[in-house]
Amino acid sequence: MASFLLRRRVSSSMGVSRTLHAGNMDPIWLHLELRIAALVTISRATRKYSSFVGTTKFDFTDLTHPHTWYPNARKKHRKVILHMGPTNSGKKYHALKQLESSSSGIYCGSLRLLAWEVANRLNKAKVPCDLITGQEREEVDGAEHKAVTVEMADVTSNYHCAVIDEIQMLGCRTRGFSFTRALLGISADELHLCGDAAAVPLIQEILKVTGDEIEVKYYERLSPLVPSKVPLGSFSHIQTGDCIVTFSRYEIYRLKKKIENEGKHLCSVVYGSLPPETRTRQETMFNDASSDYDVLVVSDPIGMGLNLNISRIIFSTMKKFDGIETQDLTISEIKQIADGLLNLPVGRVGQYGSKFPVGEVTCIDAEDLPLLHSSLKSPSPTLERAGLFPTFELMLMYSRVHQTNDLHQILEHFLDNAKLSEHYFIADCEGSLKVAAVIDELPLDLHDKYLFCIS
């Protein structure tokens, strides 16, 4: 939370206005911070209108038609192009080419690093592009394009072209609602969706009521992916070009130390909240054949689009903490990690080729191999429902017709009575309910100060 309280604004001589936030915010915390901002505002409005008692026949808890929340998008006859396939297939490359050639556009990524990468690419191509994430805002003079993290997607503006990356994440129980919001709410002539084919049936169902024109394009992997029959076992078996996958910064540096203590290799590290400039240096060291840093250790690589010469992926574990509990990686996650890391430089410079034409995947422990092999052979389970969370406007109106100042009670009552269609689920709200309980204990003047800090 401190990252939102410490920030400074700087301007460069190149026409870039930048708001920097101290620290790095992981996506799961980013979406919670955004909910906090809405909750604080609702709480202020609730107290302001606490004496208001209204009657209405409108059912604010009816969430069965979320497409109607975005009238700006509904005014357009959008052409929605689904680019479906594994990470190393060129699907993102084709979507970004359309974005680059458009008169105006927005890219929505699952990670800050992805947004940064796209903004960098477009600006280098002489297409001015703003960068907007939960941590920073870089505005370029004359920019008609934006690269944003999906939580920051603007659903009030009009665009010629929009790209939503990792669209299958609309099924995520914590962040899925942000992808659903972008899917339904972005007002663009062309909307390009990149992701796993498992999301296609659900997207087609959701968009039946929007009047959008839908086209589906399927892509195949551009290089073979071979699961190993034997585990790594000892760290003495680490080789040049290996990439070890884990899921926390603590584990990254523990594994880095363990590998380097063997005395044969030095490790570069990459993880989701690593500053882009630092990430670039780490990538360069690993890719440089003359460098001693010939092994990579990564965390949270899903969707990161790393452009690296990796010969072998090694899963340190097949379990991951998803923000609520530790559980086995899903088929989609396993395939996406392997595909995403063992990739070719597609979608950046448009080249097809790699130092390692065949990618190998294995685990440290033999007991994890069955899950790895079965997942790589299996199609990803078809998504059945998309995440949903009520808009600020709905919550505000709902709060006005209840005679209580208790934000936690209002939110809990709303969620308990929410009505959904079969294609949606309410995103996990435990964090929001806890925050609401804390806000209820604050005096109104502290609400104002907190809102100022995060707005």
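View 1. Glutamate 166 is buried, with a relative accessible area of 8%, where buried means under 20% relative accessible area, exposed over 50% and partly exposed in between, computed with a 1.4 Å probe and protein chains only. This is a predicted model, in which local features need pLDDT of at least 70 and side-chain atom pairs count only at pLDDT 80 or more, while totals for chains, interfaces and linings use all residues. Residues are numbered from 1 along each chain as its sequence is written, and side-chain values use heavy atoms, with hydrogens and water left out. Glutamate 166 lies in the loop between E8 and H6; helices (H or I, at least four residues) and strands (E, at least two) are DSSP runs, numbered from the N terminus. Although it is not a glycine, glutamate 166 has a positive phi of about 55 degrees. Most residues other than glycine have a negative phi.

**View 2. Lysine 126, an exposed residue with a positive phi.** Lysine 126 has its place in the loop between H5 and strand E5 (129–132). Its phi is near 65 degrees, a positive value in a residue other than glycine. With 75% relative accessibility, lysine 126 counts as exposed.

**View 3. Arginine 279 and glutamate 283 within helix H9.** Arginine 279 forms a salt bridge with glutamate 283, and the closest N and O atoms are 2.4 Å apart; a salt bridge is a side-chain nitrogen of Lys or Arg within 4 Å of a carboxyl oxygen of Asp or Glu. Because arginine 279 and glutamate 283 are 4 residues apart in helix H9 (residues 276–287), they are separated by about one helical turn. Both of these residues are buried. They also belong to a network of salt bridges that links Lys92, Glu117, Asp165, Arg279 and Glu283. Across the whole structure, a search finds 19 salt bridges.

**View 4. Arginine 121 and glutamate 100, a pair between two helices.** In a salt bridge of 3.4 Å (N to O), the side chains of arginine 121 and glutamate 100 meet. The pair links distant parts of the chain, with arginine 121 in helix H5 (residues 112–124) and glutamate 100 in helix H4 (residues 91–101), 21 residues apart. Arginine 121 counts as buried at 14% relative accessibility, whereas glutamate 100 counts as partly exposed at 23%.

**View 5. Arginine 173 and glutamate 325, a pair between two loops.** The closest N and O atoms of the salt bridge between arginine 173 and glutamate 325 are 3.5 Å apart. Arginine 173 lies in the loop between strand E8 (158–164) and helix H6 (176–185), and glutamate 325 in the loop between strand E16 (319–321) and strand E17 (326–328), so the pair ties together parts that are 152 residues apart in sequence. Arginine 173 counts as partly exposed at 33% relative accessibility, and glutamate 325 counts as partly exposed at 39%.

**View 6. Helix H6 and its covered residues.** H6 is mostly covered, since 9 of its 10 residues are buried. Among the buried residues of H6 are Gly176, Phe177, Phe179, Leu183 and Leu184.

View 7. Aspartate 242 is found in strand E12 (residues 242–246) and counts as buried at 0% relative accessibility. Its side chain is joined to that of arginine 312 by a polar contact of 2.6 Å; a polar contact is a pair of N or O atoms within 3.5 Å, where, within protein, one must be able to donate a hydrogen and the other to accept it, and residues adjacent in sequence count only if both atoms are side-chain atoms. Serine 102, in the loop between H4 and strand E4 (105–109), counts as buried at 9% relative accessibility. The side chain of serine 102 reaches the backbone oxygen of leucine 99 at 2.7 Å.

**View 8. Isoleucine 331 and leucine 371.** Isoleucine 331 lies in helix H10 (residues 331–341) and counts as partly exposed at 23% relative accessibility. From C-alpha to C-alpha, isoleucine 331 and leucine 371 are 8.6 Å apart in space, and they are 40 residues apart in sequence.
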